[in-house]
Amino acid sequence: MINMIYSAEVAAARETGAAIVALESTIITHGMPYPQNVEVAAQVEDDIRAAGAVPATMAVIDGVLHIGLEADQLQALGQAQNVAKISRADMPACIATGGTGATTVAATMIAARLAGISVFATGGIGGVHKGAETSFDISADLLELAQTPVTVVAAGAKAILDIPKTLEVLETQGVPVIAFGQDSIPAFWSATSDLRAPLRMDRAVEIARGHATRQAMGLPGGQLIANPIPEADQIAAEDLAPVLKQAQTEADTQGISGKDVTPFLLQRIFELTKGRSLTANIALVRNNARLAAEIAKELVKLKP
Ligand code: PSU
Ligand code: MN
């Protein structure tokens, strides 16, 4: 038995078979500063409701896996200090020891599968870090996509990562990487990149069918949907390049390693862009939430 509880809203949605969209919590605790983190988390939940689906933000609180957070729990999590960042390796340990942890993409996918939720919206996934040929720093998110049947909507992977290597690992692992409505892979803060996406789909219903077909074929794993940031909100690649370089150099010289790398880089990029990276991040997460809601609704229609 897993110590697991549903929010009132998610419990009701399960009863009626309504569309549900999973959301992660590491983006709240480790990806954005307070108080914007709480505001954004609530806003993204509202975007999903406005689109006709129900949000399920995942977190482990005092050893209980929460599928959906009540508003006060979301507030508390966003302000809490020393919340663990939990992925596949540490999620069961966090539950077993009564800990509190925010779920990464990998852990959120695991929680979603346990709750029978098929669609998940986030900002960016973890991937292969620059210098991975020596550090071996490859996010567990990639291996989770290969084995857990959840369709993840993200704005591509951040330029802090080695995108070509990230795509190679996903290909090796049999994960479909699907650009939404365009041929190139979106690059998080920029809508387009020089890299051609392996797959392209233009409609939410196609993505839902892709998900259902994988399941019907008995294939493990999910799909990665790369949804471009709205053009009005993007940051020019040439403005960003020096910032990314500086953040990476600082991480290297300060010996930042393991699960601290991603939060360190995100925080430094926020500081170095004077908050502009955050504004773009908020816009793309909201955009992903809206698309995820459409996919979730299409999946409900496909259910027999
Ligand atoms: N990328 C972002 N923002 C984030 C993260 C990644 O643009 O907040 C978070 C997600 O929770 C992701 C995690 O699952 O970082 C990946 O961490 P790591 O690289 O340590 O696997
Ligand atoms: Mn890592």
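I started at Ser-139, which sits in the loop between helix H7 (132–135) and helix H8 (140–147). Helices here are DSSP runs of H or I with at least four residues, strands are E runs of at least two, and both are numbered from the N terminus.

Housekeeping: this is a predicted model, where local features need pLDDT of at least 70 and side-chain atom pairs count only at pLDDT 80 or more, while totals for chains, interfaces and linings use all residues. Residues are numbered from 1 along each chain as its sequence is written, and chains are lettered from A and ligands numbered from 1 in the order in which they are written.

Is Ser-139 buried or exposed? I get buried, because 25 C-beta neighbours lie inside 10 Å (buried is 20 or more other C-beta atoms within 10 Å, exposed is 12 or fewer, partly exposed is in between, with C-beta atoms placed from the backbone). Skipping residues up to four places away in sequence, Ser-139 touches Gly-126 and Gly-127 (contact means backbone-placed C-beta atoms within 7 Å).

I then checked the UniProt record, an unreviewed entry: it puts "binding site" at Lys-85, Val-105, Ser-139, Ala-140 and Asp-141. These spread over 57 residues of sequence but cluster in space, with a largest C-alpha distance of 12.9 Å. I note that such annotations may be inferred rather than shown by experiment.

Next came Lys-85, in strand S5 (residues 84–86). Lys-85 is buried too, because 20 other C-beta atoms lie within 10 Å. Beyond neighbours within four places in sequence, its contacts include Thr-26, His-30 and Lys-259.

Conventions
Contact = placed C-beta atoms within 7 Å.
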